[in-house]
Amino acid sequence: MNFKNVTIAGSGVLGSQIAFQSAFFGFNVSVYDINDGAIEAAKTRMASLKTTYGKYFNDTEKAEKAFASLTYYTDLAEAVKNADLVVEAVPERIEIKQSFYESLAKVAPEKTVFASNSSTLLPSQFAAFTGRPEKFLALHFANSI
């Protein structure tokens, strides 16, 4: 599968980094979180990442383009409607992840692959809740991507 449209679910410290990294390297990125406050905090983190990436890669134009290309959603169905890949970066609590995957399974296109960024929980704990265990995997990023 050729991934082009990526949704990052969870826009905290790590989710924001995954989203910006993905946008910086040319993916169409949708950022999903549960409320407007979380999205506003993510936008602030993204602005900081724009500066960091511009300096680190010595390419402020590419960093600006990545920043401008990010789209934000509090509606999960809208966030994933074109997703080839959803990277889950929600809090490391079983009940939150389970609820997220059950909700995601109802609204994501059939083509969409789900990936967990969990660092403390086994992804196999959630495979059944995805409704597509054959399209579920672990894709782990560490802080300071």
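At what angle do the axes of α1 and α2 cross, and within what distance do they come? Select these two helices to begin the tour. The model on the screen is predicted.

**Stop 1: α1 and α2**

Select residues 13-24 for helix α1 and residues 36-56 for helix α2. The axes of α1 and α2 cross at roughly 50° and come within 10 Å. The crossing of the two helices is right-handed.

Now show the side chains at the contact. On the α1 side, select Val13, Ser16, Gln17, Ala19, Phe20, Gln21 and Phe24. On the α2 side, the residues they meet are Ala42, Arg45, Met46, Leu49, Lys50 and Tyr53. Coloured by class, this contact shows 8 nonpolar, 3 polar and 2 charged residues.

**Stop 2: α1 and α3**

The crossing of α1 and α3 is right-handed.

Select Phe20, Ala23 and Phe24 in α1. They meet Lys62, Ala63, Ala66, Phe67 and Ser69 in α3. The contact is made up of 6 nonpolar, 1 polar and 1 charged residues. Phe20 and Phe24 take part in this contact and are also among the α1 residues that meet α2.

**Stop 3: α2 and α3**

Angles over 145 degrees count as roughly antiparallel, so α2 and α3 are roughly antiparallel to each other. The crossing is right-handed.

From α2, select Lys43, Met46, Ala47, Lys50, Tyr53 and Gly54. The residues they meet in α3 are Thr60, Ala63, Glu64 and Phe67. By class, the contact has 5 nonpolar, 2 polar and 3 charged residues. Met46, Lys50 and Tyr53 of α2 belong to this contact and are also among the α2 residues that meet α1. On the α3 side, Ala63 and Phe67 meet α2 and are also among the residues that meet α1.

**Stop 4: the largest pocket**

Clear the selection. Rolling a probe the size of a water molecule over the atoms shows where empty space is left. How much space lies in the largest pocket? The volume is about 300 Å³. Of its 20 lining residues, select the closest to the centre: Gly10, Ala89, Val90, Pro91 and Ile96.

Then select helix α5, residues 94-107. With 4 residues, α5 gives the most to the lining of this pocket. Coloured by class, the lining shows 9 nonpolar, 7 polar and 4 charged residues.

Definitions and conventions
Residues numbered from 1 in each chain as written. Predicted model: local features only at pLDDT ≥ 70, side-chain atom pairs only at ≥ 80, totals over all residues. Heavy atoms only, no water. 1 Å grid on protein atoms, 1.4 Å probe; cavity = no way out; pocket = protein on both sides within 12 Å on 5 of 7 lines; lining within 4 Å. Points joined across faces, edges and corners; volume = space filled by probe spheres on them. Nonpolar A, V, L, I, M, F, W, Y, C, P; charged D, E, K, R; others polar. Axes fitted to C-alpha atoms, helices over the stretch in contact; angles between N-to-C directions. Left-handed = near helix turned anticlockwise from the far one by under 90°. Contact = heavy atoms within 4.5 Å. Parallel < 35°, antiparallel > 145°, perpendicular 65-115°, else oblique.
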